[in-house]
Amino acid sequence: MPEPLRCTGSINTRELRFSRAMIFAIEEINNSTDLLPGIKLGYHTYDACASVPVAVHVAFQLSNGLDPVFYTGDNCSQSGMVMAVVGESESTSSISISRIIGPFNIPQVSYLATCACLSDKQQYPNFFRTVPSDQFRADQLAKLVKHFGWTWIGAVRSDSDYGNSGMASFLDAARKEGICVEYSESFYRTHPRSRIQKVADVIRRSTAMVVVAFTSRKDLMILLEELSLEPFPHRQWIGSEWVTDPDLLKFSFCAGTIGFGIQKSVIPGLRDFLLDLSPSKVAASPVLTEFWEDAFNCRPGKSATIGKRLCDGTEDIKTIQSPYTDTSQLRITNMVYKAVYAIAHAIHKAVCQETNSTTQCDKFTRIESKEVLTQLKKVNFSRNGYEVSFDANGDPVARYELVNWQKSESGSIKFVTVGQYDESLPVGQKFQINRNITWVDGGTQVPVSVCTDSCPPGTRKLLQKGKPICCYDCILCPEGEISNATDSPDCFPCPKEFWPNAERDTCLPKPLEFLSYNEVLGIILATLSVGGACLAIITAAVFYRHRTSPIVRANNSELSFLLLFSLTLCFLCSLTFIGAPSEWSCMLRHTAFGITFVLCMSCVLGKTIVVLMAFKATLPGSNVMKWFGPPQQRMTVVSFTFIQVLICTIWLVLSSPFPMKNLTIYKERIILECALGSAIGFWAVLGYIGLLAVFCFVLAVLARKLPDNFNEAKLITFSMLIFCAVWITFIPAYVSSPGKFTVAVEIFAILASSFGLILCIFAPKCFIILFKPEKNTKKHLMNKNES
């Protein structure tokens, strides 16, 4: 191995393992009879020292090869053009290298550069990688945060292409998931300590419980060291690629960290290769020599140096614990291994041909790096059970393990795989969690990280002015509206026949309201109706019992009985207004009321006319009574009643009343009522009754001073005054009364006018019949009224 470019500082044993894994893969390929049989691959290793300038210097060295490589037996050309580059581990360095070697069509296969920007084939046409792009990781981290209900998070990132690009992708995905970011801070390991302290202070003062860190392992190491200097509230860390770095496990306050890491894998024979370090191999490599000196504090070889003793040969690499010897978590190492094999397969496609069951490779084929680049796009193979292929962007199929930092019984923190993500699986099966997760500070309960507690059903979110959308107030839904989900952004109205419950999270059917027999008002009105009908029947019975008495005969007993019959119907028709409206009850209640009242008014009008005609008949030479005898009286009642029957019939035929649900009077309940159908028909019925009442009242007024001792016209006058007063006040009361009280007003008007008629017209007569029989004589009735 030629001596690589050296860096100052202690050697990174983790990166050394990657380098050795590359050499292991190359030696496997060189010893293979299936892949590039008879052809040996050569290599150079360089250390970019985590520095972009150094990486650029290396890239120029790689691109300055003199001649194409010739495969001549077992020896590689000492100088030749590079066919491919494995690396770099950092995205920023990979970008710099790709821009330099890209114009020379030298393919670059990185094992750890995850910046999504490198998928842009317009800028980086020669770039491939065996590690998934951060675009997948960013999307899945956003979904992971959403999965656990965290909507208020903090974000820190490396101030590099990797950190800035990865965090930008994450924030975009988080925004789509409705996640808010309290702060987003960037830093880099070369920044002054004051900058690192500022980021640490922001984390300490924040209210967000969850911190998403899109940083490199080296940058995060510096931040965590700064945070460890002072106690601070524990935070739930969500990790990117650093989540599987064992060097970070020493920070115990990060227990519970969770994130997507590269899949753990197995590489047969690698551990034996790493541990197979003979003194001659170590002495031949400056890098291994430096590693050996750091591991055993002695110098291999024949001469010691200042501060370093000479190794005595008893040193055993198997006895030390370091990232170099730790093969229990082979993740990135496998990406290196796959990168080498991907290049080997591309070269194989370029120089070898498959014939039947054998493979023939031309050792003397002269190939250009451009051919390797072309074949690399078509690579598709499996090694140790792990598939290797690239999409159009040079990216592999995204596969991750969900890694959780859990404390063991001994108190140490270890990596535990609790789930996985596989982009190749069907939607819905890509992401799975199959083990319990330990959260921050060893807790088993999922921590809560929200700006505002969830709004319960029945409320809606109202954004707080000047704050992110995750910060809001919970406002009770307006009247008539509900929200049945947590954190509802809006309330929505209930359907027309429904109304919210007290909590305003469910729409319930509106209660139906109508004048019922089960309520006090309905019972009172029904009792009065039945009582009035009974009173009319009792009055008729009294009149019938004393039908031969002068007072009954003098007041036209036939019309009196007909009037009592009509009053009985008037009282009973009010019962049709009580109860739930139906099609038949709506038609019956108004027509029955109209016809019975007209029959009643016709009888009263007939009695009034009889009184007037009787007075006229007492004048000398008058024979007027022969023109208004019983047949004419009956015809008058029938005629007036028939007109009302005709009006009601026309009303029912053209536009009859019908039951309806009134949703406008009250918002929270439904009024069951009878729609008039035709308002003209209704007011025509009432108007005709009023016309007869006024006519009857005028005639009764004219006859009120007739000189009879018992003048019935006076009683009719009082009854008509009551009747007209009731129905005049009924109209505004009917129009203004809401809901079931409209029906109650109508029933009250019917009962009041009916009671007025029966009490004014028949009560005095019944009183005389029952309690003053001495006045129930013809002589008394014929005497002049002395008043």
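Modeller: Let us begin with contact, which means heavy atoms within 4.5 Å. Helices (H or I, at least four residues) and strands (E, at least two) are DSSP runs, numbered from the N terminus. This is a predicted model, in which local features need pLDDT of at least 70 and side-chain atom pairs count only at pLDDT 80 or more, while totals for chains, interfaces and linings use all residues. Residues are numbered from 1 along each chain as its sequence is written, and side-chain values use heavy atoms, with hydrogens and water left out.

Biologist: Which residues in α13 meet α15?

Modeller: Among them are L528, G532, A536 and F543 in α13, which meet residues of α15 including F561, L564 and F571.

Biologist: At what angle do the axes of α13 and α15 cross?

Modeller: Axes are lines fitted to C-alpha atoms, for helices over the stretch in contact, and angles run from 0 to 180 degrees between N-to-C directions. The axes of α13 (residues 520–545) and α15 (residues 557–573) come within 8 Å and cross at roughly 165°. Angles over 145 degrees count as roughly antiparallel, and α13 and α15 are therefore roughly antiparallel to each other.

Biologist: Is strand β15 largely enclosed or open?

Modeller: Buried means under 20% relative accessible area, with a 1.4 Å probe and protein chains only. Eight of the nine residues of β15 (residues 399–407) are buried, so β15 is largely enclosed by the rest of the structure.

Biologist: Which strands pair with β15?

Modeller: Two strands pair if DSSP finds at least two bridges between them. Strand β8 (residues 258–262) pairs with β15 in the antiparallel sense over five bridges, and β16 (residues 413–422) pairs with β15 in the antiparallel sense over nine bridges.

Note on methods: Angles under 35 degrees count as roughly parallel, over 145 as roughly antiparallel, 65 to 115 as roughly perpendicular and the rest as oblique. Buried means under 20% relative accessible area, exposed over 50%, partly exposed in between (1.4 Å probe, protein chains only).
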